[in-house]
Amino acid sequence: MASSPTSRRLALQSTFVTGLGLATLGSKTAQAAAAQERFMPKGASTLAELGKKLAAAPRRRDFKTTQMILQNRDEWDSEALDLVLAYAGRPKQVWNNTQLEGPWLNLMRNAMNAQVWSFKHPDFLAVSATHGAAHIALFDDAIWEKYQLGAMTKGKDKTNTWLKTPLAAVADPGAIEDPKGVYSPADNSITVLQQRGAVFLACHNAIWEFTGHLQATGNNPDKVSHEQMAAEFTNHLAPGVVLTPGIVATLVELEDAGYRYA
C-alpha cells in the first residue's frame, strides 16, 4: 500500500530530528573535549590522549529498538569501552555508583584531587560504573521532561541537575585551593568531572529494567513497546557517556584490566 503524504512527511521529520540530534551530540562532545584541555592537570599526557580518543570514538544513538540482552558489539559503545579497558595510565579506579542522591560525585572528585595533587599521579583515571537509581543522571533533559523523571528525586528536580555546569567551573583552574573553585565541593557535576578526565559508563541492563518499570506503571506517553522505549532512552544518553552491555558484567572486565574497585 502506498504511504500517504502525511506519513511521508512524518517520516521525513523523524529523519531530520534524528540527524539533528546526532549532530548536536557530536557538537557537545567536541565542546567537552575542548574544555578538557582547560582542566587537564600538568603532565597528564596519557589521560589527555584518552580524552581525545574517546571524543572521536563513535556512539550509536540511532536505535529504533533494542532487546533485553545485547549480543553484538555494534549494540553498545564497544570502541569507546575498549579504549577505557586498554587505558595505560596508572592508577585507575572504577566506582560502583548506584545511589542517585548519594555522595558519588563528591567522592570521585575527592579521589581525583588527592591522586593528582597529593600523590602526584596526573594520569589517574576515575571511571563511574553507573547503574541503579544513579543511572537517570546520565539522561538528557529531553527525556527528563518527557517522562517526568524529576518526580523520582527528593527535590522533584524538573531538569537533570547532575549534568549542569556549576558557576564554580568558570573559576581559575590554576587556583587548586580555592574553596569555591573548580576542584571544590561547589563543582560536583558529571559534566565537569568528564572535562577533568573522568569517564561515565552507562548500563544497558539498567535502561532495560528502568523502561520496563515505566511501562508497568503506565508512564508511556507515546504508547511504544518496551523495545522502542529502551532504544529511545539509549539515544538520549548524555554526551561523552559510554554505553556498556551491562555494568555488573563490565566491572569484571575493568578489574581484569587493572582497575581498582571502589
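The largest cavity holds about 60 Å³ of space. This is a predicted model, so keep that in mind throughout. How many cavities of 30 Å³ or more does the structure hold? One.

The lining is F39, P41, L47, M112, V116, W117, P122, F124, Y183 and R196. By type, that is nine nonpolar residues, no polar ones and one charged. Which helix gives the most to this lining? Helix α4, residues 104-118, with three residues.

Why go looking for empty space this way? Rolling a probe the size of a water molecule over the atoms shows where such space is left.

Next, the pocket. The second largest pocket has about 150 Å³ of space. L100, E101, G132, A133, H135, I136, F139, M152, A206 and F210 line it.

Now step back to the whole chain. It has nine helices and five strands. Along the sequence, the pattern reads α-α-α-β-α-β-α-α-β-α-α-β-α-β.

The protein chain has 262 residues, and 45% of them count as buried. Its accessible surface comes to about 13,000 Å². Carbon and sulfur atoms account for 57% of that surface. What about contacts across the sequence? Take those between residues at least 6 apart: 74% of them join residues at least 24 apart.

One such stretch of sequence is worth a look. K42 sits in the loop between α1, residues 5-39, and α2, residues 45-56. P122 is 80 residues away along the chain, yet the two C-alpha atoms are separated by 6.9 Å. P122 is also on the list of cavity-lining residues. Is K42 buried or exposed? Exposed, because its relative accessibility is 84% and the cut-off is over 50%.

Now some backbone details. Most residues other than glycine have a negative phi, and most peptide bonds are trans. We have some exceptions to go through.

Start with the peptide bond. From R90 to P91 the bond is cis, with omega near -10°. P91 lies in the loop between α3, residues 78-85, and β1, residues 92-97.

Then two lysines. K120 has a phi near 60°, a positive value in a residue that is not glycine. Where is K120? In the loop between α4 and β2, the strand at residues 125-130. K120 counts as exposed because its relative accessible area is 60%.

K223 also has a positive phi, about 55°, and it is not a glycine either. K223 is placed in the loop between α7, residues 204-216, and α8, residues 226-235. With a relative accessible area of 68%, K223 is exposed as well.

Last, confidence. The chain averages a pLDDT of 89, and 87% of the residues score at least 70. Where does the score stay under 50? Over residues 1-25. For that stretch, the model has seven contacts beyond four places in sequence. Where pLDDT is low, the predicted coordinates should not be read in detail. Helix α1 is assigned to residues 5-39, and pLDDT stays under 50 over residues 1-25.

Key
Residues are numbered from 1 along each chain as its sequence is written. This is a predicted model: local features need pLDDT of at least 70, side-chain atom pairs count only at pLDDT 80 or more; totals for chains, interfaces and linings use all residues. Side-chain values use heavy atoms; hydrogens and water are left out. On a 1 Å grid over the protein atoms alone, a cavity is a set of points where a 1.4 Å probe fits but cannot get out, and a pocket is an open set with protein on both sides within 12 Å along at least five of seven lines; lining residues have an atom within 4 Å of a point. Grid points are joined across faces, edges and corners, and a volume is the space filled by probe spheres set on the points. Helices (H or I, at least four residues) and strands (E, at least two) are DSSP runs, numbered from the N terminus. Buried means under 20% relative accessible area, exposed over 50%, partly exposed in between (1.4 Å probe, protein chains only). Contact means heavy atoms within 4.5 Å. Accessible areas come from the Shrake-Rupley method with a 1.4 Å probe; for residues, only the protein chains shown count as cover. pLDDT is the predictor's confidence in each residue, from 0 to 100. Ala, Val, Leu, Ile, Met, Phe, Trp, Tyr, Cys and Pro count as nonpolar, Asp, Glu, Lys and Arg as charged, and the others, Gly among them, as polar.
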